[in-house]
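Hi,

Here is the structure I said I would pass on.

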Amino acid sequence: MIKQYIRNELSIVIKKYLSKINSLNNDVIYFTVEISPKNTEFDFSTNAAIIISKKLNIKPKEVALDIISIINENNLSFINKAKMDVNGIGFINIKINKEILYKELQNILNQKNKYGSNIIKNHNIENILIEFVSANPTGPLHIGHGRGAALGNALTKILKHLGHKVTKEYYLNDVGNQMTILAKSTELRYRELKGEKIIFPNDYYQGQYIIDIANKLILSGKKIYEIDFKYETIKYILNNIKNDLRKLNIQFDNWFYESSLINKKNEVNKVITFLYNSGFIYIKNKALWLSTKKFGDDKDRVLKKSNKEYTYFATDIAYHKNKFDRGFTKVINIWGADHSGYIARLKSAIQMLGFKKTSLKIILYQLVSLIKNKQQITMSTRSGKFITLNQIINDVGENVTKFFFLLRNPMSQFEFNLELAKKQSKENPVFYIQYVNARCKSIINNSINMHNIIKDINKINFKLLITKEEINLLKQLSLFCDILKICEITMNPNHLSLYLIKLSDKYHKFYETCKVLLNNNVPLTSARLKLVEGVSIIIKIGLDLLGIEIPNKM
RNA sequence: GCGCCCAUAGCUUAAUAGGAUAGAGCAUUUGACUACGAAUCAAAAGAUUAGAGGUUCGAUUCCUCUUGGGCGCGCCA
């Protein structure tokens, strides 16, 4: 939390400054706390003076000098001293008290895998529903679903760790045309296998898995009139989807069936009535239209078709009302970019229902294309041409697959090059990080044979950790919680991945220069051992939050 | 045609609300295992941030245009 500490302390200093110059400015000031550029003796820098100078119309240099003198005159707990940047732009360079680094390491050692949890203040805790994957049960998961799955899973873990209440949900579209076509596809394949001559239409599901299902049904010995093709097909496909997710070690708290909104409670009807009474619905060409344009959509949308059927959109509104009615304060949807055009209408609808626009957060990720043998393969379930997620996991492993996604910004398009992924798997950053833990554990194991090692944290002299490599490592450790906060703000776990790589880098450098187990220096050995233990704890928490397993040996 | 998104080193990419000299990894070149695991470390080289304007103390980031790519524009789901 080191950046947060510094930020808090700076806020106090700024208040002092503002009262000193009799400013009545009460605006919230957003300033950055950055790691200082290389080749300075300072640890962090802030642009606070520049930001303030803009608001008050004073020269940044003057503001900076005033703030710096307040910092240097007072005895602060986190900031040791401050100085103006070399070019005199108005940046304030900050040197921290090393004590806070040692203190933070002690926090890590005391709290172990709970470190960083519950740093959210009570009134900021949200009850979050996060919906992801939600692939239609019309075929196996492919690589694109894997990206959504990895993202949702990691984000959930991070938000939970920070102290939010999070529920993971999979929305299952088990209604509509596509289901009818799916059932008929299986039935046709079944009859084909029974020896009938059939013509298999082009717009039916072409995949091999449909034939597999039909085969299974034949083996069951049931007569054709005894078989519920829709039920059996969905059951089979769903089972496969669950298996794939299990392989990635991803479990959902809820499987929400679209049909449940229509069959039992008729929630769709209720929502439409409500919207109608609120005056948001009109009739045109014998269909019911929702005036989503009023809330920023490109055009109005149909809720009930002229043939009396509901549209997908109508049930989706009911679904989202259902989410909020269950008491969730924040609803997160993770969608592929092909759904981007759908955001405006859904946001319109939830506002009509009286919910805040911001309580629904939609995270888009760009679609994944796959390169195999230098050929690009686009994913299409209907045509049956795709590489399944299962194949990828088998080829490159579940940890590498997940990390491959989590290392990148979700908004960047990326081509999953199968050959490259396999080739790189040996030099993959995952192993770089995991190797840190292996080295940590190895040292800790070897230390068992040493005598007089101090184990009581309170008796260890952490001030012995003074080399450049030790300090850099300690600093990196103390940034962990700041990174988690950034992941929360940006809703993007890739900052954590990058942080772990950076931490690994600092650790390997430390490992090369600072021998831990020294026969002639028990106090230093003990202190360094605790540092190693701290690193191991953070690596373990971090990888766990990303959903990646960590072996003690490799 | 309209809308959303993307473009950074040969390749894969980073940059938290506009901050200082744009960070990494792979590949290339060089050096380090008689110190806790060399799946590592040290070093070299590699960038006009697609192009052109604009906004300002300051732009990869914001605005406009151009080029190249992805996705979406149903009474489908």
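Let's start with the RNA. Of the 71 residues around RNA strand B, the ones that come nearest are S45, D85, G176, N285 and G341 (a residue is near a strand if its C-beta atom, placed from the backbone, lies within 6 Å of it). By class, the surface near RNA strand B has 28 nonpolar, 28 polar and 15 charged residues; Ala, Val, Leu, Ile, Met, Phe, Trp, Tyr, Cys and Pro count as nonpolar, Asp, Glu, Lys and Arg as charged, and the others, Gly among them, as polar.

Before you go further: this is a predicted model, where local features need pLDDT of at least 70 and side-chain atom pairs count only at pLDDT 80 or more, while totals for chains, interfaces and linings use all residues. Residues are numbered from 1 along each chain as its sequence is written, and chains are lettered from A and ligands numbered from 1 in the order in which they are written.

Now the overall picture. Chain A has 20 helices and 15 strands, which are DSSP runs numbered from the N terminus (helices H or I, at least four residues; strands E, at least two). The C-alpha trace of chain A spans about 85 × 65 × 40 Å along its principal axes. Of its 554 residues, 39% are buried. A residue is buried with 20 or more other C-beta atoms within 10 Å of its own, exposed with 12 or fewer, and partly exposed in between, the C-beta atoms being placed from the backbone.

In α10 (residues 267–277), V268, V271, I272 and L275 are buried. They cover an arc of only 100° around the axis, so they sit on the same side of α10 (the arc is that of the directions from the helix axis to the C-beta atoms). T273 and N277 are exposed, on the face of α10 turned away from the buried side. A314 counts as buried, with 25 C-beta neighbours inside 10 Å.

The other helix is α13 (residues 389–396), with L389, I392, I393 and V396 buried. Those residues fall within an arc of 100° seen down the axis, so they line one face of α13. G397 follows α13 and has a positive phi, near 90°.

Most residues other than glycine have a negative phi. S134 has a positive phi near 45°, and K308 has a positive phi near 80°. S134 is in the loop between β5 (127–131) and α5 (143–162), and is buried with 22 C-beta neighbours inside 10 Å. K308 is in the loop between β10 (301–304) and α11, and is exposed, with 9 other C-beta atoms within 10 Å.

Cheers
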